[in-house]
Amino acid sequence: MSDLRQPPEPQTARAQERPAVDGDDPDGQSSPVGRLAATVERLRQEVRAAQAEADGRALIELAKGILVERLGCGPAQASRQLAELTEQAGVTPLEFAVEVINQASRDRLSEVTSAFLAATATADPPDGHSSAVRLRAAESGALAAAEDTQAVADSLLEHALTPLGAEAVAIWALGADGSLTLAGSAGFSTAEAGRWRHVPPGVTTVARRGLTERSGQWIRSLSETGLPSIGQHHYVDGGRVALPADTGGRIHGVLEIVWPTPLEDPLPAIVRQVEALAELCAHTLQTYAFQHPDGAPGPPVLPDVSELMDLADGLHDPALVLVPHLGSDGHLVDFRIHHVNSRFLDPAGRPRGAVNGALLLEAYPMAAGHSELFERTERVYATGEPFRAHRMRLTALVDDVPLAAVADINISRHGGSVLLIWRIEDETARLASLLQHAQRLGRIGGFEENLLTGEITWNGQLFHLYGRPATDAPVPLEDLPAHAHPDDGIAIGRFLRTLLHQRRPASTAFRLLRPDGVTRHIRVVAEPVLDSSGQLYVLRGAYQDISAHHWTEVALAATRDQLAHTEQQSSERNRLTLQLQHAIMPPTRAPLAVPGLDVAVRYRPAETQHLVGGDWYDAVVLPSRLVLLCVGDVAGHGIEAATSMVVLRNALRGLAVTGAGPGQLLSWLNMVAHHLTGAVTATAVCGLYDPESHTLRWARAGHLPPVLVRGSDAAPLPLVKGLLLGAVPEAVYEEHEVQLAVEDTLLMYTDGLIERRDRSVEESLAQFLTVARAVPPTLDQQLDRLLTHSRSDTDDDTCIVGIRVA
């Protein structure tokens, strides 16, 4: 809003425009209607001049009084002196009178007008008067009508706010119950003011938001906040300012100012000017409060501080009566401890005389710290809203050492004073409460038995453990066997002998038979107390219900037994699986006797016994003099995988004697895996080697192809099509034939030799081929080398079948 960013532009009075009337001359002055309009405008200007003269007369008379006091002269001489000085300064008498008042008073208005004049030095005043004149005129009107808040609102709007572009103002009085009452308004219709006569406590409005911060609420546009307020429909897009009206740290109400257009960032001088107006309203609202002592519009009549002292002395809790301590500028800086009652206990242990009469921040300099005690007290004094807190931490500084205590706090305002009540937590009572809760949670009951008088004391928890009402007589310790399970009599007897005869502390566990038929597992611990002559006269101890612990131990013992049995069964199962696997496929076997061909096999079981797998191999000379070579891997681990491996291996041996080729053999073996072994899946490579022609026919079922090592080169055989075994009922497998030469080496293996978790199969196969290219003198050495340099990390079984043409 431009009115707050720069000084208002000059405005001149103009006659109201009207439509032309027949017979009027051009300037409208010779017609009857024109003459009437001119007369109305002249009278209006005279009224404005009379009002301005009336507003300034009080200020001029005040300036004369200041000159009488400063110059020590009479009123007539002071009047002449004022006229001469005005003529020399070249200003109007009213402006010079305000300058004299500002120089003499040096109050907040002086500071505000000086800053405002510095910010608006190049601007012409909109009504012929400077900012200083307007503010002093507003102050004069407010003081003259201090008992009439409506007149104060009219004066503020006319003299100080209209030049700033504002169109309406509302003065709200804060009630003792937190309600807001519209004490005066200007710029609003009568109906609108009537609707907003009273705002109940707890209703959030623009004015109530102004109470929360000392700097108030500066709202650019009311529509952006959605908050209700007076004139909200007429000024829906206008700006709002709501500032607390306070004097000496006490808030008496709120000054709310309305602009018709959105409010931009104001100049600091404008902000200080509006704050000064809010302070003027505070003095008016203070008078307004005394005029409404018993109604909702204002706070009640302020009681005398002596009445509050009597009230504090009648309380059973420690209490302090605080009175505001104002600084030289009239602002609240601290509270003085005016009175402490007889029950007052200082957290630092100081006597009441050391605290009484001191300032709150001097007695408790850390009250403004994390506990916010001072801020809470200041807020209660300002708004009248009481404050209560449970277990608030109080801190006192004694000899530069912070001493802390926990207390329940109650702060309330009574007239111009504050009553602060704190109830410091009793450490003994708190520890007793903690002990009681610990006994309840731990299901512990205590007892004490006087052997000389026969008096027995039980706490409430022990009656609960025994299942007895508190009105029953406690059970003596010597009668304990009568209330316990008969099988526990020996343990209880040993406990009593140790305690009563050997006079040593003892404990035992037993089953307590309660009157309600419930059996509880109890542990009792007791100790003897001896007098000065060494005689036993008191037994004291405690019972604890350990039923939950006992049944937990029983359940754990059963679980441990079951786990041990399960582990034993698993170990036996793994052992049998390994025996079966090793019986069929030993890690090494005797060389196969085939002329012109070296055949070697290696089998490396998994490193962990519970991962016994289904890897298998075979190398056998068939009746047709062909050599059957195969390796396979059954999915899964354990005895199921091992037995499935045996089925497939033996089935392939039996099928091979038919003379069928490797593709047909795998097709038949697929049907066996799918139909006869419970839907087992497996991979395999099957080959038939002819020693006379040195040819190898082979096929694969989802397995890695064999690797041919020839000279210094090693490469896998071409990848022929073939689905893994057991996946579908019927499958066709392609065959491939390779011609081997002397010194060629063919390697068949399972994936346990090369597979790694951190790399692909292609990368692992490339590493395997690098190792395979180094051909040792013998085939056995080559297979051992491949196992040694294997980088597999899957802990799986590994099978290798190698043939070398001699």
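Which handedness, left-handed or right-handed, does the crossing of α22 and α23 have? Let's start there, everyone, and then look at the rest of the protein.

A quick word on the model first. This is a predicted model, where local features need pLDDT of at least 70 and side-chain atom pairs count only at pLDDT 80 or more, while totals for chains, interfaces and linings use all residues. Residues are numbered from 1 along each chain as its sequence is written, and side-chain values use heavy atoms, with hydrogens and water left out.

Now the helix pair. The crossing of α22 and α23 is right-handed, meaning that the near helix is turned clockwise from the far one by less than a right angle. Helix α22 covers residues 761–772 and helix α23 covers residues 779–788; they pack at about 145° with axes 10 Å apart. Those axes are lines fitted to C-alpha atoms over the stretch in contact, and the angles run from 0 to 180 degrees between N-to-C directions. From α22 come F768, V771 and A772, meeting Q782, R785 and L786 of α23; contact here means heavy atoms within 4.5 Å. By class, the residues of this contact are four nonpolar, one polar and one charged. Nonpolar covers Ala, Val, Leu, Ile, Met, Phe, Trp, Tyr, Cys and Pro, charged covers Asp, Glu, Lys and Arg, and polar takes the others, Gly among them.

Stepping back, the protein has 23 helices and 26 strands, taken as DSSP runs numbered from the N terminus, with H or I for at least four residues giving a helix and E for at least two a strand. Of its 806 residues, 43% count as buried, that is, under 20% relative accessible area with a 1.4 Å probe, protein chains only. For contacts with a separation of 6 or more, 59% are between residues 24 or more positions apart.

One residue I'd like to show you is T383, in helix α15, residues 373–383. T383 is buried, at a relative accessible area of 2%. Beyond its neighbours within four places in sequence, T383 is in contact with L174, I251 and R413. D246 lies 137 residues from T383 in sequence, yet their C-alpha atoms are 9.5 Å apart in space.

Definitions and conventions:
Buried means under 20% relative accessible area, exposed over 50%, partly exposed in between (1.4 Å probe, protein chains only).
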